[in-house]
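The following paragraphs are an explanation to be read beside the sequence and the model. Please keep both in view while reading.

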Amino acid sequence: MPRRNRVDPWGDLHASPERGLFTGNRGCLVDDRGGLTRHHRGPLWITCLLEYRGWRHPLERPGTWTPLFFLDEAVALAAGHRPCGLCRRQAHLDYRGAVTRAVGSDHPFLAGDLNRRLARERLRRGGGVDRASDRILWTERVDRLPIGTVVVDEDRIPRLVLEDSLLRFAFGGWTGRRSRPRKGSIDVLTPPTSVAALANGYTPVLHPTASD
C-alpha cells in the first residue's frame, strides 16, 4: 500500500502510487509509531532531488524529517515549498535571485527571509493533517500570470498555467487541457512570492505531461 506522502497543489497529503519528480521536507510529520499526525512542522518547506550523493532516508521514522513527493516543481511551489539550498543549490540561488529582483532589494534574500515570506502566504491559522480549507488564495489577472503558476478554476480544481492553456492536476500528470482565458481574473494557489520568482526569471521543472 502506498504511504500517505504524495502532495497535491493545496499542500495536503495523499496515498498514491505515483512518486513524481521531486521529494521534499516540511519537518517530522509522524508520531512515535510512524503514523502520520501532522501537516507540517516549522516554516522550512523545501523541494529536494529524489537522489543526492547516494544518501538514503527513512520514509516514516520518528524524530527526523518525513519525505514527501511532488509530481513536479509547479506542484511543489503551489503547495508552498521552495528549492532546497543543499541538493538543489543552483535552483535555490536562481529562485532567491528572482525574488530579490522582484522586490527590488539591494541585498540577496536569505533562506530565512524566503521561509518567513512563504509561511505568511501559505496558510491561515488552523490545525490537523488536512489543511486545504486553510490555504490563502489570492486573485490576479489571468494574462499577468507566468508559466508554472497553479490557479484554481470554478470547480476548485488546481490547474497549471501554460502559455496558451490550463492543465488539470492529477497525481499521474497534467491533463484536461483547456484554453487559457485572455482576460479576467482568477484565484491563484501558488504563493505570491513564488509567482514573483516565476515572473522574474525562475524556470520550474515541469512534468513531461505538461508538454504532451
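Helices (H or I, at least four residues) and strands (E, at least two) are DSSP runs, numbered from the N terminus. The model is a predicted one, in which local features need pLDDT of at least 70 and side-chain atom pairs count only at pLDDT 80 or more, while totals for chains, interfaces and linings use all residues. Residues are numbered from 1 along each chain as its sequence is written, and side-chain values use heavy atoms, with hydrogens and water left out.

Six strands form an open sheet in the order β7-β12-β8-β9-β10-β11, with antiparallel pairing; two strands pair if DSSP finds at least two bridges between them. Its edge strands are β7 and β11 (175–179), each of which pairs on one side only. From one strand to the next the twist averages 40 degrees. For this and other angles, axes are lines fitted to C-alpha atoms, for helices over the stretch in contact, and angles run from 0 to 180 degrees between N-to-C directions.

Within this sheet, β7 (residues 138–141) pairs with β12 (residues 185–188) in the antiparallel sense over four bridges. Three bridges join β8 to β9 in an antiparallel arrangement. There, Val-152 stands opposite Pro-158 in β9.

The loop between β8 and β9 (158–161) holds Arg-156, a residue that has a positive phi of about 65 degrees although it is not a glycine. Arg-156 counts as partly exposed because its relative accessibility is 47%; buried means under 20% relative accessible area, exposed over 50%, and partly exposed in between (1.4 Å probe, protein chains only). Another non-glycine residue with a positive phi is Arg-53, at near 55 degrees. Arg-53 lies in the loop between β4 (46–48) and β5 (68–70), and counts as exposed because its relative accessibility is 61%.

The helices come next. Helix α2 has 15 residues and reaches 21 Å from its first C-alpha to its last, close to the 21 Å expected at 1.5 Å a residue; the expected span is 1.5 Å times one less than the number of residues. Ala-91, His-92, Tyr-95, Gly-97, Ala-98, Val-99 and Thr-100 of α2 are buried. These buried residues pack against α1 (73–79), β6 (82–83), α3 (111–122) and α4, where contact means heavy atoms within 4.5 Å. Just after α2, Gly-104 takes a positive phi of about 70 degrees.

How do α2 and α4 meet, and at what crossing angle? The axes of α2 (residues 89–103) and α4 (residues 192–199) come within 8 Å and cross at roughly 95 degrees. The two helices are therefore roughly perpendicular to each other, given that angles under 35 degrees count as roughly parallel, over 145 as roughly antiparallel, 65 to 115 as roughly perpendicular and the rest as oblique. Tyr-95, Ala-98, Val-99 and Ala-102 of α2 make the contact with Thr-193, Ser-194, Ala-196 and Ala-197 of α4.

Ala-102 belongs to helix α2 and is partly exposed, with a relative accessible area of 34%. Not counting residues up to four places away in sequence, Ala-102 touches Ala-196 and Asn-200. The C-alpha atoms of Ala-102 and Ala-196 are separated by 5.9 Å, although the two residues lie 94 residues apart along the chain.
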